[in-house]
Amino acid sequence: MKILYFVLWWAIAIVSCIDLYWAIRIRETLLELELNPIGVFLLRVGGIELFMALKMFGTILVLFILSYLYRRRPRVAWCVVVPLFVFQLILCCHLFNVNAQDQSEKRVEEYKELEKQQVQP
C-alpha cells in the first residue's frame, strides 16, 4: 500500500510539472486562457513570475503535507491523496485536450492561409 500511495504522490507531482510547463509555454496568452479566477487575479497583479512562484510553492506545500499525513495519519492521507490524484488526472486530460485543440486549430488556419495564397495569381 505504501508503494501505491507514493505512486499517486509522484503522479500528482508530475501532473503539476506538466501544468507548469504548459503555462510557461503559452505565457503570452495565459491571461486569456487561464480558467481559475485566482490565477487570473495573480497574473494581473504580479504577472507570470508571481503566478508561477505561487503555483510551485503550492505544489511543494501539498506534497509535503501529503507526506506528513501519511506518516502521522495514513487513513486521512488516503482520503486526501485519492481525490487529489483524480483531480490531477482530469487536469492532465484537460491540458492535453486543450493543447491538441489549439494545435489543430492552428493547422486549420495555416491550411486556409495556404489555400488563399495558392488561389491568388
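L69 is buried, because its relative accessibility is 16% and buried means under 20% relative accessible area, with exposed being over 50% and partly exposed in between (1.4 Å probe, protein chains only). L69 lies in helix α3. Helices here are DSSP runs of H or I with at least four residues, strands are runs of E with at least two, and both are numbered from the N terminus. Leaving aside residues up to four places away in sequence, L69 touches P74, V76, A77 and V80, where contact means heavy atoms within 4.5 Å. The C-alpha atoms of L69 and V81 are separated by 9.7 Å, and the two residues are 12 residues apart along the chain.

The model is predicted: local features need pLDDT of at least 70 and side-chain atom pairs count only at pLDDT 80 or more, while totals for chains, interfaces and linings use all residues. Residues are numbered from 1 along each chain as its sequence is written, and side-chain values use heavy atoms, with hydrogens and water left out. The score pLDDT is the predictor's confidence in each residue, from 0 to 100. The protein chain averages a pLDDT of 86, and 83% of the residues score at least 70. Confidence in the protein chain is highest in α3, at a mean of 94, and lowest in α4, at 77.

The protein chain has four helices and zero strands, so the order of elements from the N terminus reads α-α-α-α. Of the 121 residues in the protein chain, 28% are buried. Among contacts with a separation of 6 or more, 64% join residues 24 or more positions apart. The protein chain exposes about 9100 Å², of which carbon and sulfur atoms supply 68%; accessible areas come from the Shrake-Rupley method with a 1.4 Å probe, and for residues only the protein chains shown count as cover.

L69 also belongs to the largest nonpolar core, which has 12 residues in all: Y5, L8, W9, I12, A13, L63, L66, L69, Y70, A77, W78 and V81. Helices α1 (2-25), α3 (37-72) and α4 (74-119) each give two or more residues to this core. The most comes from α1, with five residues. A nonpolar core is a set of buried Ala, Val, Leu, Ile, Met, Phe, Trp, Tyr and Cys residues joined through side-chain atoms within 4.5 Å. A second, separate core of seven residues includes L20, A23, L43 and F51.

Helix α1 can be checked for length. The expected span of a helix is 1.5 Å times one less than its number of residues. The 24 residues of α1 should therefore span 34 Å at 1.5 Å a residue, and its end C-alpha atoms are 35 Å apart, which agrees. The buried residues of α1 are Y5, L8, W9, A11, I12, A13, V15, S16, D19, L20, W22 and A23.

The structure holds seven aromatic pairs. Rings of Phe, Tyr and Trp (its six-membered ring) pair if their centres lie within 6.5 Å; planes under 30 degrees apart count as stacked, over 60 as edge-to-face and the rest as tilted. Y5 and Y70 form a stacked pair, at 4.3 Å centre to centre with 25 degrees between the planes. This pair links distant parts of the chain, with Y5 in helix α1 and Y70 in helix α3, 65 residues apart. Y5 is buried because its relative accessible area is 0%, and Y70 counts as buried because its relative accessibility is 14%. Y21 and W22 form an edge-to-face pair, at 5.3 Å centre to centre with 70 degrees between the planes. Y21 is partly exposed, with a relative accessible area of 45%, whereas W22 is buried, at 13%.

One aromatic cluster is formed by Y5, F6, W9, W10, Y70 and W78. Y70 touches M1, K2, Y5, F6, A77 and W78, not counting residues up to four places away in sequence. The C-alpha atoms of Y70 and K2 are separated by 8.9 Å, and these residues are 68 residues apart along the chain.

Helix α2 (residues 30-33) contains L31. L31 counts as partly exposed because its relative accessibility is 35%. Not counting residues up to four places away in sequence, L31 touches V40, L43 and R44. L31 and L42 are 11 residues apart in sequence and 9.6 Å apart in space, C-alpha to C-alpha.
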